[in-house]
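Here is a briefing on one protein chain. Overall dimensions come first, then one part of the fold.

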Amino acid sequence: MNTSELLQRQSFVELSARARVAQLLDGGSGRELLGPFERLTSPWLALQDIVTQSDDGVVISRGTVDGVDVVIAAIEPAFQGGSMGEVGGAKIAGALELAVEDAANGKPVVPVLLLETGGVRLQEANCGLAAIAEIHAAIVALRAWVPVVGVVTGPVGCFGGMSIAAGLCSHLIVTREARLGLNGPQVIEQEAGIEEFDSRDRPMIWSLLGGQQRHATGLVEDLCDDDVRAVRARIVEAVQSGDTAPARIENIQAFETLLAAIEPDVLAEADKVRAAFEQQANHAGAFS
Amino acid sequence: MQTLSLDYKAGKPPPRRALAGVVGSGDLEVLLEPGENGRSTVAIKTSVEGVKDIWKAVIDRIFADVSAPAVALEINDFGATPAVVRLRIAQAIEQATATDDGQQASDA
């Protein structure tokens with residue numbers, strides 16, 4: 001990106017979830033479901049003396065993207081780290097389940113998930129996890145009819161149960177700033193020790209969990225700049241593709257072979273990980 | 001968490017509701033709905049304890065103009081500074097009172 005491009009760029013990462021949805025949908029086509037004035041807030045945060053947000057950090061909107069019917073679910077990363085609580089999780093699960101019904105009735109709606117989330121909201125524990133499981137089930141069901149598009153753009157990344165949701169998507173779009181992983185750096189450090197993973201070593205973290213690495217190892221389809229037009233263009237391509245090819249996760253054997261070949265006592269490095277993925281892809285077919 | 005309710009004299013209610021901000025670090029969410037004619041109410045929930053006097057001073061100043069639009073504000077605060085509070089409330093009022101061509105209504 002040169003200087004003039006940089007000056008003309010409009011950051012997607014810096015927008016709030018609601019502003020992201022407004023930028024993605026065709027002008028005037030958006031209709032928010034269970035919006036902030038419904039005041040469906042978390043009953044659990046209030047009990048723990050934590051200020052709630054009127055939409056529980058999740059924006060659901062029906063509309064069109066370049067004429068294609070979509071339902072966008074956007075997680076607000078600034079509210080409680082984009083964590084999935086009972087209410088926000090149920091909003092996403094409900095929206096996806098309605099999309100399954102629509103698809104079954106011959107009215108396909110493409111789901112677009114903006115997954116800026118640290119995973120389950122710890123204050124809501126099992127209630128959040130239950131909602132995440134429903135989201136997983138709905139994504140799998142939807143894939144029989146429509147592409148399911150996942151987008152991770154910001155440094156909050158996509159972790160925990162919601163990283164599984166990202167893995168289940170048929171088309172995943174990330175930026176260089178994004179991170180994707182099951183456990184976040186602090187969790188790994190806490191569980192495995194600082195020798196295994198130093199959660200303050202940002203270059204190391206992004207080299208292993210960052211968007212570029214995830215793209216290089218074939219775990220995401222698209223790597224794009226943090227620019228509203230660039231992100232939207234990739235989403236347009238993905239929703240118009242009509243792609244319902246099997247998910248990469250259905251190629252379980254390739255991943256199992258790869259895992260079996262990894263020596264856990266050798267510290268992971270970005271280059272070695274890429275080489276291992278490449279070798280496996282050459283040997284037994286691509287991951288995607 | 002601390003809660004605070006304030007009440008002011010005001011002009012006429014604006015034509016529509018509006019939302020500004022998110023409950024993120026150093027920020028706040030303002031939900032604005034048209035109020036009763038002649039009266040504005042402000043309900044605040046804040047994560048910061050012990051700053052009731054500052055809140056009252058900041059909001060008093062915003063609603064000092066008794067001809068300002070009559071609004072019912074709900075504020076969910078996560079440690080916003082007074083400048084951010086003023087900005088978000090101004091954004092919400094601007095959205096609620098803007099005419100179709102994007103200009104401020106003359107009586108706002």
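A compact globule of 288 residues would have a radius of gyration near 19 Å, and chain A agrees because its value is 19 Å. That radius is taken over C-alpha atoms, and the globule rule is 2.2 Å times the number of residues to the power 0.38. This is a predicted model: local features need pLDDT of at least 70, side-chain atom pairs count only at pLDDT 80 or more, and totals for chains, interfaces and linings use all residues. Residues are numbered from 1 along each chain as its sequence is written, and side-chain values use heavy atoms, without hydrogens and water.

**Whole chain**
- The C-alpha trace of chain A spans about 50 × 45 × 45 Å along its principal axes.
- Chain A has 12 helices and seven strands (DSSP runs: helices are H or I, at least four residues; strands are E, at least two; numbered from the N terminus).
- Of the 288 residues in chain A, 50% are buried (under 20% relative accessible area, 1.4 Å probe, protein chains only).

**Around strand β6**
- Strand β6 of chain A covers residues 171-174.
- A:His171 and A:Ile173 point one way, A:Leu172 and A:Val174 the other, and all are buried.
- Strand β5 (residues 149-152) of chain A runs parallel to β6(A), joined by four bridges (strands pair if DSSP finds at least two bridges between them).
- A:Val152 has A:Val174 as its bridge partner in β6(A).
- Strand β7 (residues 222-223) of chain A also runs parallel to β6(A), with two bridges.
- In β7(A), A:Asp222 stands opposite A:Ile173.

Conventions
Chains are lettered from A and ligands numbered from 1 in the order in which they are written.
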